[in-house]
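Here's a quick tour for anyone new to this one. Have a look at the picture first, then read on.

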Amino acid sequence: MARIDGARLLADLRELSRFGAFMTGVDRVALSATDIEARRWLVGKLTAAGLDASMDRVGNVVGRAPSVGKAILIGSHTDTVPKGGWLDGALGVGYALEVARSAMEASEPTGIGIDVVSFEDEEGTWLPFLGSRSYFADLDQSEIAAARSKDGATLAEALASIAGEPPPHRFDPARQVAYLEAHIEQGPRMEAAGRRIGVVPALVGIRRFRVRSHGAANHAGTAPMAMRRDAGAVMIALGASLQTDFRLHSGPDTVWNVGNMIFRPGAANVVPGEAEMLFEFRDIDGSAMDRLEEHFTALVEAARRGTVGAASGEPLSEPVKIDVETIVRIPPTRLAADLGDAIAKAAAARGEEPAWLPSGAGHDAMVAARFMPAAMMFVPSIGGISHDVRENTSDADIVFGCEVLADAVEQLRRHMPQ
Ligand SMILES: [Zn+2]
């Protein structure tokens, strides 16, 4: 079994959490001064561990193992959401640092080294997956030029402070043979099941829609019910029908959400002339998603006819105009089964049966998996909380997760073709 220094890992994670410390969490959004400071700190740690490390001009930090022809790339991200937690992203980078450093200290003879990465802006402050998409050359300059934060600041301006850094690090397919990312679960399932290690077979796909209905605003006291073109009533019926229909037709991993509904003009005495709804669903099975989208489309069609939610098929209202805009369409990502198995075996060898659970959130591994074999491992989140200052994992679980990852990496380095 691989040996790591658990106390050193915890000390590093606590040190990292001081950059942008906010209450019990961290506020270290991508390309902020504290984010860049934290990244320079990481370069220092990686260099001290004997890796060839630098930050590039998009903020990606890469540490490369010296004098090896091939390497396993391990990492995550060190940017956070505003007022976020101390482990989202940081945990995976802390693990990568510790696993690489311990392996360098053990200096076992193997031709496969360990490279470490902290991708920039995983959280999408400027551009979701800016760092990993840059690393895999999956980003064009026009996207960078157009990207803005929600406050309207431009990404180009934010990048100006690190414009003097080296050109972007790039994925080296001849060298980097696999990508491993450890992350907190960010959900309650592992804790509920009493599992300490999660292996992620796939990351969910997302389909998100903005539905708008256009009726006619009118006096809610004087317009007879049968003569209204009520954009709001139609949207309520559509939302309710989606909830019922998805409950009937969803798979075990489907989640869906009516995230927002707006009525205009929005007054008690006015029949809504316009309404808008945000609806999304997620699953790891692409064909199941296609079937669900057919249900969604059929219900929208019924809403157009005014029959959605009507038991008899008779229209409930005068027809309203409805349009649907697809705002997100991300396919599910399958991760490499053999790499997942290696993590599961490493957990079992330490006496822990892993949980297999899809990731409902996006991660840099989703980008990496399009270009190289990739795997993800989860450790439990206390209370399932994340993207909040209360986000936490017990010290024992943090250290145990790193031990399992180190074991899996050791096995892969021994048995992968060199
Ligand atoms: Zn994350």
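Which residue in S14 is the bridge partner of Asn-257? In S14, Asn-257 is bridged with Glu-280. Keep in mind that this is a predicted model, where local features need pLDDT of at least 70, side-chain atom pairs count only at pLDDT 80 or more, and totals for chains, interfaces and linings use all residues. Residues are numbered from 1 along each chain as its sequence is written, and side-chain values use heavy atoms, leaving out hydrogens and water.

- Helices (H or I, at least four residues) and strands (E, at least two) are DSSP runs, numbered from the N terminus.
- S14 covers residues 274-283, and eight of its 10 residues are buried (under 20% relative accessible area, with a 1.4 Å probe and protein chains only), so S14 is largely enclosed by the rest of the structure.
- S10 (residues 205-214) pairs with S14 in the antiparallel sense over 10 bridges; pairing takes at least two DSSP bridges between the strands.
- Ser-213 sits opposite Ala-275 in S14.
- S12 (residues 255-264) also pairs with S14 in the antiparallel sense, over nine bridges.

**Helices H1 and H12**

- The axes of H1 (residues 6-17) and H12 (residues 395-415) come within 10 Å and cross at roughly 115°; axes are lines fitted to C-alpha atoms over the stretch in contact, with angles running from 0 to 180 degrees between N-to-C directions.
- That makes H1 roughly perpendicular to H12 (65 to 115 degrees).
- Gly-6, Leu-9, Leu-10, Leu-13 and Arg-14 in H1 meet Asp-395, Ile-398, Val-399 and Cys-402 in H12, with contact meaning heavy atoms within 4.5 Å.

Methods. Parallel < 35°, antiparallel > 145°, perpendicular 65-115°, else oblique. Buried < 20%, exposed > 50% of the residue type's maximum accessible area, 1.4 Å probe, protein only.
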